[in-house]
Amino acid sequence: MKQTLQTLLRRYREQWSYLIVGGCTTLVNYAVFFLLDRTGLYYQLSNVLAWVCAVIFAYFANGRWVYRSVARRGWREAGSFALSRLFSLGLESLLLHLLVDLAQVHQLAAKLLVAVVVVVVNYITGRIVYLRKGA
């Protein structure tokens, strides 16, 4: 049993690491969103500011612990990462609008629901940024 668990952990190390780092990134995102929401700031603006904080954290954490990128952290890689995350920000903003403004779901609950889609999209785009040839 122990041997099987160790084999599974080694085989899926990247996915486990992504879940852990993604959980921490999500905590950063939600903590900032929650704090800004409490100030009465418009929920979409709170979402963008929370996204910026989360992307900065995720860039360094994913490169180091998830994808084990050996490339020097540079502006080109950071730009590619931020652009990949812009897509998910747009998707998240659209889904939040649909849930909050049209379906009348509370903004904090909507943000939690949207997270499932965003996590999958971010994993895929992160792999593209860090694991592309020549990076």
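My entries below cover the cavity and then the rings.

Before anything else, I noted that this is a predicted model.

**Cavity.** I searched the whole structure and got 1 cavity of 30 Å³ or more. I then listed the lining: 19 residues, with Thr25, Thr26, Asn29, Val118 and Asn122 closest to the centre. Which helix gives the most to the lining? I found that H2 does, with 6 residues. Helices H2 (13–38), H3 (43–66), H4 (75–102) and H5 (107–131) each supply at least two lining residues. Sorting the lining by class, I got 9 nonpolar, 7 polar and 3 charged residues.

**Rings.** I looked up aromatic pairs next and found 4. One of them joins Tyr18 and Tyr123, edge-to-face, at 4.8 Å centre to centre and 65 degrees between the planes. I checked where these two sit: Tyr18 is in helix H2 and Tyr123 in helix H5, 105 residues apart. Buried or exposed? I got 8% relative accessible area for Tyr18, which is buried, and 18% for Tyr123, which also counts as buried because the cut-off is under 20%.

Then I turned to Tyr59 and Phe60. Their ring centres are 4.9 Å apart with planes at 70 degrees, so I logged the pair as edge-to-face. Tyr59 is buried at 6%, whereas Phe60 is partly exposed at 47%. Ring pairs also link Tyr59, Phe60 and Phe81 into a cluster.

Definitions and conventions: Residues numbered from 1 in each chain as written. Predicted model: local features only at pLDDT ≥ 70, side-chain atom pairs only at ≥ 80, totals over all residues. Heavy atoms only, no water. 1 Å grid on protein atoms, 1.4 Å probe; cavity = no way out; pocket = protein on both sides within 12 Å on 5 of 7 lines; lining within 4 Å. Points joined across faces, edges and corners; volume = space filled by probe spheres on them. Helix = DSSP H or I, 4+ residues; strand = E, 2+ residues; numbered from the N terminus. Nonpolar A, V, L, I, M, F, W, Y, C, P; charged D, E, K, R; others polar. Phe/Tyr/Trp six-rings, centres within 6.5 Å; stacked < 30°, edge-to-face > 60°. Buried < 20%, exposed > 50% of the residue type's maximum accessible area, 1.4 Å probe, protein only.
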